Amino acid sequence: MKVKVISILEDNYMYLVIEERGKQAVAVDPAVPHRLLEIVRREGLSLVAVLTTHHHWDHARGNEPLRKELPALKVYGGDDRIEGLTDKVTHNQKLKVTLRLRHFNGDTMFIGGCGRFFEGSANQMHHNLTQVLGTLPPETKVFCGHECTIKNMKFAVLVEPENIKAKEMLSWARARDDDDKPTVPSTLKDEFDYNPYLRLSEEAVQKFTKKEDPVEVLEVLRKEMDKFKKPKERLPPHAMLALEWGLLRP
Ligand SMILES: [Zn+2]
């Protein structure tokens, strides 16, 4: 089995999981469907299923156009809000496409980081990270939905300045970026070495957050990270307004 990593949109990944003998493929979060289909055709594959990690547009918006092209396509996901869903799945469900769905919730773990608590509390995130993802075999590969490793690792080094693995990971991620290469996949074992969200009981992490209870540590970490990675402003507000009125071309 081979996984093709395809960067799309600003920092998203879609994946094509290819079973080479049967030339079958499963797409994960194919939010730029025409590019996916190009690859599927070029490689002579048949696309049998789509796995959608969550309903946000940057992960799910390709499902309907793909189903138009391929009416027999199965679209799996764990949430009714997912556009184009054909088959709702649950945790640990096994698919016929030889993939076992261990965790089916997107933007939970990133390399060196974790997702925002958009639709869940710190408690839930803690459960997902430690009880669900954290208990998978250590060699499990982490293919996350966004490329945000450099930012995450800068923050990780701030949290744990003495963590050599974190510093190494940061410089490796920068080198990959210089070469225009993705940092996915990592392994769960790697993540335990440098991802502060999986290191909630480490002394340095507790010191940084001034908390001891793991859920509280997690909550403070995430808040600090939000301050740390302020969204970039692409245009001043008046220019955004002009865009809306159609006065400027993007
Ligand atoms: Zn996302």
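In the predicted model, Asp 29 counts as buried, at 3% relative accessibility. Asp 29 sits in the loop that runs between β3 (24–28) and α1 (33–42). The backbone there has a positive phi, near 50°, in a residue other than glycine. Leu 9 also has a positive phi near 50° and is likewise not a glycine. The loop that holds Leu 9 lies between β1 (2–8) and β2 (12–19). Leu 9 counts as partly exposed because its relative accessibility is 37%, and the limits for that class are 20% and 50%. Most residues other than glycine have a negative phi, and most peptide bonds are trans. A cis peptide bond is found between Val 184 and Pro 185, with omega about -10°. Pro 185 belongs to the loop between α6 (164–178) and β10 (186–187).

The chain as a whole contains 10 helices and 10 strands. Of its 250 residues, 44% are buried. Among contacts with a separation of 6 or more, 56% are between residues 24 or more positions apart.

Distant parts of the chain are linked by the pair His 59 and His 146, which are 87 residues apart. His 59 is in helix α2 (residues 57–60), whereas His 146 is in the loop between β9 (141–142) and α5 (149–159). Both histidines are buried: the relative accessible area is 0% for His 59 and 11% for His 146.

Helix α5 packs against α6 at an angle of about 155°, and the two axes are 9 Å apart. Angles over 145 degrees count as roughly antiparallel, and α5 and α6 are therefore roughly antiparallel to each other. The crossing of α5 past α6 is left-handed. On the α5 side, the contact is made by Thr 149, Ile 150, Met 153, Lys 154 and Val 157. On the α6 side, the residues are Ala 166, Lys 167, Met 169, Leu 170, Ala 173, Arg 174 and Asp 177. By residue type, the contact of α5 with α6 has seven nonpolar members, one polar and four charged.

Helix α5 also meets helix α9 (residues 214–228), where the axes come within 11 Å and cross at roughly 120°. This angle makes α5 oblique to α9. The crossing of α5 and α9 is right-handed. From α5, the residues involved are Lys 151, Asn 152, Lys 154, Phe 155, Leu 158 and Val 159. Their partners in α9 are Leu 221, Glu 224, Met 225 and Phe 228. The contact of α5 with α9 comprises six nonpolar residues, one polar and three charged. Lys 154 is listed in the contacts of α5 with both α6 and α9. An α-helix has 3.6 residues a turn, so residues three or four places apart point the same way. In the contact of α5 with α6, the α5 residues include Ile 150, Lys 154 and Val 157. In the contact with α9, the α5 residues include Lys 151, Phe 155 and Leu 158.

Leu 218 lies in helix α9. This residue counts as buried because its relative accessibility is 0%. Apart from neighbours within four places in sequence, Leu 218 is in contact with Phe 117, Ala 122, Met 125, His 126, Leu 129, Tyr 197 and Leu 200. Leu 218 and Met 125 are 93 residues apart along the chain, and their C-alpha atoms are separated by 8.4 Å. In helix α4 (residues 122–133), the buried residues are Ala 122, Met 125, His 126, Asn 128, Leu 129, Val 132 and Leu 133. Among these, Ala 122, Met 125, His 126 and Leu 129 are also contacts of Leu 218. The elements that cover the buried residues of α4 include β7 (109–110), β8 (113–114), α7 (188–194) and α9.

How values were computed:
Residues are numbered from 1 along each chain as its sequence is written. This is a predicted model: local features need pLDDT of at least 70, side-chain atom pairs count only at pLDDT 80 or more; totals for chains, interfaces and linings use all residues. Side-chain values use heavy atoms; hydrogens and water are left out. Helices (H or I, at least four residues) and strands (E, at least two) are DSSP runs, numbered from the N terminus. Buried means under 20% relative accessible area, exposed over 50%, partly exposed in between (1.4 Å probe, protein chains only). Axes are lines fitted to C-alpha atoms, for helices over the stretch in contact, and angles run from 0 to 180 degrees between N-to-C directions. Angles under 35 degrees count as roughly parallel, over 145 as roughly antiparallel, 65 to 115 as roughly perpendicular and the rest as oblique. A crossing is left-handed if the near helix is turned anticlockwise from the far one by less than a right angle, and right-handed if clockwise. Contact means heavy atoms within 4.5 Å. Ala, Val, Leu, Ile, Met, Phe, Trp, Tyr, Cys and Pro count as nonpolar, Asp, Glu, Lys and Arg as charged, and the others, Gly among them, as polar.
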